[in-house]
Amino acid sequence: MASIHKLAWLLSLLVLSITATCEPCKSLNFPNNVNYATCKDLGVLDSSLHWNYHQSSSRVDVAFKKANATDSSWVAWAINPTSQGMVGSQAFLAFRNSSDATLKAYTSSVTSYDTLLEEGSLSFPVYSVSASYSNGDMILFASFKLPENTTLLNHVWQEGPVSNDGTLGMHSLSGPNIQSFGTIDFVSGKVSETAGNSKIKLRKVHGILNGISWGILMPMGAILARYLKAFDGRLGATWFHVHRACQSMAYIIGIIGFATGSYMARHNRHHSSHGCIGITLVCLASLQVCVAMFLRPKKDHRHRIFWNIFHYVVGYGTIGLGIWNVFKGIDIMEAREWKSVYLGVIICLALIALVLEVITWILPCINKPNTHSKDQADVVDQQIP
């Protein structure tokens with residue numbers, strides 16, 4: 001019986017950990033020691049929303065958390081009882097004064113796109129509003145009464161810069177900042193995925209697929225082909241099979257990533273240079289595959305030298321274009337953290353290639369050619385088509 005209780009306890013912990021992983025907002029602890037019954041991770045701007053709904057009084061206690069907030073930025077969360085978007089929003093705002101590190105939280109009614117987000121009352125009763133800031137996390141607390149006979153509302157969240165004199169500046173007009181809206185039902189806890197948020201998720205999938213294929217696997221395949229040849233006598237034709245497998249996987253993933261990009265381009269014609277480079281990459285890679293499969297001459301053929309030149313030029317050209325286009329895609333998404341990670345990956349691959357290049361220059365000096373190694377190399381050549 002004791003073992004059964006232990007097993008049940010472990011299973012409950014597992015379920016709780018999986019739930020927390022699926023919804024990181026559930027694992028947050030707030031400085032005011034308030035527990036919120038419902039929370040949702042919002043799709044953009046590193047934000048989450050937490051709330052308690054009191055049905056008897058139509059009161060809502062809300063905590064809006066914005067991660068990675070800078071010292072000189074303002075954050076806002078708002079509900080819009082009349083329409084979608086910014087105009088008509090009843091906003092709760094907070095910002096940190098960089099000069100004296102004080103926090104200010106207040107309300108503002110947005111009546112036009114030219115708003116200065118000045119302090120003012122809202123169209124419904126507000127009981128309290130406050131904020132906290134710690135380790136880059138800005139949390140906005142608010143307590144208010146929902147408009148009459150309403151639990152399903154449009155909501156908006158946003159961030160923008162704060163000048164040295166405390167003036168709130170305009171938020172960005174691209175990327176996640178124009179996708180941060182949706183609907184929220186305070187009773188059921190359902191937060192809608194707007195069409196904009198769905199597009200952002202598709203863009204992330206597109207970026208991950210193409211970053212892995214053109215940006216990582218393709219360079220890795222070239223590195224493996226070039227430097228595993230130095231161990232021909234020991235590894236046989238392994239380098240060739242590894243190279244072919246790596247590039248084939250990169251090509252398949254790249255085609256899937258290209259398909260997602262083509263789907264998004266049907267609804268968005270911006271960033272044409274990024275798309276044109278993507279089309280060029282697919283054409284070059286497809287040409288490389290077709291030529292390698294159907295037109296590659298034998299190693300002893302007198303025209304093999306021309307095929308080798310074509311293979312190297314197209315291959316390295318595709319890799320260079322692929323890396324460049326990955327960086328262009330990251331800039332379009334305005335994903336600074338992705339850019340740092342990918343730059344680190346490229347630097348690591350370059351350092352590995354540099355070390356292996358030095359090794360390939362040293363090995364011939366250490367291992368003097370002999371008849372046995374020459375025979376092994378001949379066998380390897382016969383294994384490679």
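Aspartate 137 has a relative accessibility of 25% and counts as partly exposed. Buried stands for under 20% relative accessible area, exposed for over 50%, and partly exposed for the range in between (1.4 Å probe, protein chains only). The model is predicted: local features need pLDDT of at least 70, side-chain atom pairs count only at pLDDT 80 or more, and totals for chains, interfaces and linings use all residues. Residues are numbered from 1 along each chain as its sequence is written, and side-chain values use heavy atoms, with hydrogens and water left out.

Aspartate 137 and lysine 65 meet through their side chains in a salt bridge, at 3.8 Å from N to O. A salt bridge here is a side-chain nitrogen of Lys or Arg within 4 Å of a carboxyl oxygen of Asp or Glu. Lysine 65 belongs to strand β3 and aspartate 137 to strand β8, so the pair ties together parts that are 72 residues apart in sequence. Strands (E, at least two residues) and helices (H or I, at least four) are DSSP runs, numbered from the N terminus. Lysine 65 is buried, at 11% relative accessible area.

## Other salt bridges

The structure holds six salt bridges. One of them joins lysine 104 to glutamate 119, with the closest N and O atoms 3.6 Å apart. This pair links distant parts of the chain. Lysine 104 is in strand β6 (residues 103-109), while glutamate 119 is in the loop between β6 and β7, 15 residues apart. Lysine 104 is partly exposed at 39% relative accessible area. Glutamate 119 is exposed at 56%.

Lysine 339 and aspartate 331 form another salt bridge. Their closest N and O atoms are 3.0 Å apart. Both ends have intermediate cover: lysine 339 is partly exposed at 33%, and aspartate 331 is partly exposed at 43%.

## The five-stranded sheet

An open sheet is built from five strands in the order β1-β2-β3-β8-β7, with antiparallel pairing. Strands β1 (38-41) and β7 are the edges, each pairing on one side only. Neighbouring strands are turned by 15° against each other on average, direction ignored. Axes are lines fitted to C-alpha atoms (for helices, over the stretch in contact), and angles between N-to-C directions run from 0 to 180 degrees. Two strands pair if DSSP finds at least two bridges between them. Strands of a sheet pair through backbone hydrogen bonds, either parallel or antiparallel.

Strand β8 (residues 137-145) pairs with strand β7 (residues 126-134) over eight antiparallel bridges. Eight bridges also join β8 to strand β3 (residues 59-66), again antiparallel. Strand β8 is mostly covered, with seven of its nine residues buried.

## Positive phi angles

Most residues other than glycine have a negative phi, and most peptide bonds are trans. Asparagine 135 takes a positive phi near 50° in the hairpin of β7 and β8. Two residues lie between the strands of that hairpin.

Two loop residues also have a positive phi. Aspartate 46 has a phi near 50°. Aspartate 46 lies in the loop between β1 and β2 (47-54) and is partly exposed at 46%. Asparagine 68 has a phi of about 55°. Asparagine 68 lies in the loop between β3 and β4 (73-80) and is exposed at 58%.

Glutamine 158 sits in strand β9 (residues 152-161). Glutamine 158 is buried, at 10% relative accessibility. Its contacts are Leu45, Trp74, Val75, Ala76, His171, Asn177 and Ser180, leaving aside residues up to four places away in sequence. Contact means heavy atoms within 4.5 Å.

## Nonpolar surface patch

Leu343, Ile347, Leu351, Leu354, Val358, Trp361 and Ile362 form a nonpolar patch on the surface. Together they have about 720 Å² of accessible area. Accessible areas come from the Shrake-Rupley method with a 1.4 Å probe; for residues, only the protein chains shown count as cover. Patches are made of residues with over 30% relative accessible area and no salt bridge; like charges are joined within 9 Å, and nonpolar side chains (Val, Leu, Ile, Met, Phe, Trp, Tyr) within 5 Å. Leucine 351 is placed in helix α7 (residues 336-366).
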